[in-house]
Amino acid sequence: MSSPVIVDLSGTTALVTGSTRGIGFAVAENLLRSGCRVVVNGRTAESVDTAIARLGPRADIVGAVADVSTARGCAHIVDTHPEVDIVVGNAAGFEWKSFLDLDDDDWLREYQVNVLAAVRLAKAYLPKMLENNWGRIVLVASEAGLNIPGDMIHYGVTKAAEIAFARGLAETTAGTGVTVNSVLPGPTASSDADRFLDDYAHENNVPRADADRHCTMSIRPTTLLQRLARVDEVANMILYACSKESSATNGAALRVEGGILRHPG
């Protein structure tokens, strides 16, 4: 793993939703290294406790057991952690499903976790950020929000909404020290990547050593990276968006998708 980007966020508190594994966990690691107090969020006490044990345990880590896809879960986090300077909206729903097989519940489930969780938490924390004249809201969206995949249209549409929400919310911070950005990962080797690639190699009759490249090229043939991104590569971009050094970056959709998107900007 490459060396993390190091910035100074001493004296700040960050909430990272969906941070018990994968990209969210890597973001929590980066923030802790930067001196930030981190609220680790997951849906179960077991997952949160396990993540905290892996990260520390240490005094600058606290847990928040809550399902952010629900209004009740978001309210619980806000009630128990009212002082937050940085919100990283990382929790997300994801499934491969044909459009004709999708029902209303599928669409609503994706919308609750991929859009409304960010809306609810931003509404709760943005006023204090504006009062303090400093804060960061970073929404972990996806290149799928600009490159809607036919086999998970509902996911892509909600990620497009997340990107649009971040841009619109940024407009409300004009002239302040608060910024709102989205980050757009592409296919990323998350916590279960090894098992996934083992299965992929077997099912597609390709050598295991070639599975990463073969899989990435098959689902995103325009990729320039030609492999799955690592979670630390994505987390480093997110850390930049959380940093004081990113003060002139606001309302942006920051791409860390390996060059899948062929249009500039």
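1. Cysteine 242, with a relative accessible area of 0%, counts as buried, where buried stands for under 20% relative accessible area, exposed for over 50%, and partly exposed for what lies in between (1.4 Å probe, protein chains only). Cysteine 36 is buried as well, again at 0% relative accessibility. This is a predicted model, in which local features need pLDDT of at least 70 and side-chain atom pairs count only at pLDDT 80 or more, whereas totals for chains, interfaces and linings use all residues. Residues are numbered from 1 along each chain as its sequence is written, and side-chain values use heavy atoms, with hydrogens and water left out.

2. How many disulfides are there, if a disulfide is a pair of cysteine sulfur atoms within 2.5 Å? The count by this rule is zero. Cysteine 36 takes part in none, since its nearest cysteine sulfur, which belongs to cysteine 242, lies 7.7 Å away. Seen from cysteine 242, the closest cysteine sulfur is that of cysteine 36, and the 7.7 Å between them is too far for a bond.

3. Strand β4 covers residues 86–89, and from it Ile86 and Val88 point one way while Val87 and Gly89 point the other way, all of them being buried. Helices (H or I, at least four residues) and strands (E, at least two) are DSSP runs, numbered from the N terminus. In a regular strand the side chains alternate between the two faces of the sheet.

4. β4 pairs in the parallel sense with strand β1 (residues 13–16) over three bridges, two strands being paired if DSSP finds at least two bridges between them. In this pairing, leucine 15 stands opposite valine 87 of β4. β4 also runs parallel to strand β5 (residues 135–140), joined to it by four bridges, and here isoleucine 86 has arginine 136 of β5 as its bridge partner.

5. Together with helix α4 (residues 104–132), β4 and β5 make a right-handed β-α-β unit; right-handed means that, with the strands pointing away from the viewer, the path from the first strand over the helix to the second runs clockwise.

6. Tryptophan 96 lies in the loop between β4 and α4, and at 46% relative accessible area this tryptophan is partly exposed.

7. Alanine 252 is placed in the loop between α8 (231–242) and β9 (253–256), and counts as partly exposed at 23% relative accessibility. Its C-alpha atom is separated by 10.0 Å from that of alanine 164, which is 88 residues apart along the chain.

How values were computed
Disulfide = S-S within 2.5 Å.
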